Amino acid sequence: MGQPSNRRYQAVRRFARRNDITFVLPERVYEELTVNASEPETPPIDTAIEEGWSQVAASLDYSHGVVSRTMDGVQRYIANADDRPADEIERADPALAGVAAHAFVDGTADQAYIYTTDTAAGEGAEAVLASEGYGDSVTYVNGFRFIDDLLE
């Protein structure tokens, strides 16, 4: 989305505030977004967290079978879609589905919207969580389309 001065960033912030939404990021995604945190500017995700419309999820509890199965299943789904070994798949993408699974198991959510620009990760999250019985509770939102729609 770019820096807070960017139109895309501002559109997502407006959407979150108008709809009283908090975007929840897995720790792995947060780490990816702050990898260049040595730069003098505050990373945009930290600004979003300070403003209250984003937060980093608590560490995932892999002892919950649904969480482990979901992350492994999404990793395999992406590997199959990309035709590469599962152990080469970045764990941040499956972690998006893992956060949703964790929230379902803990009872802190009954609906999850998975926002990602990785189509295989989004479709995999829907498919795997559906196989776990959460099919009506999960929606993949293509991140590119989402932002384009906000800017129209």
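Let's start with a pair of helices: α4 (residues 65-82) packs against α5 at an angle of about 155°, and their axes are 8 Å apart. This is a predicted model. Angles over 145 degrees count as roughly antiparallel, so α4 and α5 are roughly antiparallel to each other. Their crossing is right-handed.

Which residues of α4 meet α5? On the α4 side they are Val66, Val67, Thr70, Met71, Val74, Gln75 and Ile78, and they meet Asp93, Pro94, Ala95, Ala97, Gly98, Ala101, His102 and Val105 in α5. Sorted by class, that contact has ten nonpolar, four polar and one charged residues.

Now for α5 and its other partner here. The axes of α5 (residues 92-106) and α6 (residues 119-134) come within 9 Å and cross at roughly 30°. That makes α5 roughly parallel to α6. This crossing is right-handed too. From α5, Asp93, Ala97, Ala100, Ala101, Phe104 and Val105 take part, meeting Ala121, Ala125, Leu129 and Tyr134 in α6. By class, the count is nine nonpolar, no polar and one charged residues.

Here are the two pairs together:

| Helix pair | Angle | Axis distance |
|---|---|---|
| α4 and α5 | about 155° | 8 Å |
| α5 and α6 | roughly 30° | within 9 Å |

Finally, helix α1. Its twelve residues, 7-18, reach 16 Å from the first C-alpha to the last, close to the 16 Å expected at 1.5 Å a residue. Which residues of α1 are buried? They are Tyr9, Ala11, Val12, Arg13, Phe15 and Ala16. What covers these buried residues includes the strands β1 (23-25) and β3 (112-116), along with the helices α3 (44-51) and α7 (143-151).

Key. Residues numbered from 1 in each chain as written. Predicted model: local features only at pLDDT ≥ 70, side-chain atom pairs only at ≥ 80, totals over all residues. Heavy atoms only, no water. Axes fitted to C-alpha atoms, helices over the stretch in contact; angles between N-to-C directions. Helix = DSSP H or I, 4+ residues; strand = E, 2+ residues; numbered from the N terminus. Parallel < 35°, antiparallel > 145°, perpendicular 65-115°, else oblique. Left-handed = near helix turned anticlockwise from the far one by under 90°. Contact = heavy atoms within 4.5 Å. Nonpolar A, V, L, I, M, F, W, Y, C, P; charged D, E, K, R; others polar. Expected span 1.5 Å × (residues − 1). Buried < 20%, exposed > 50% of the residue type's maximum accessible area, 1.4 Å probe, protein only.
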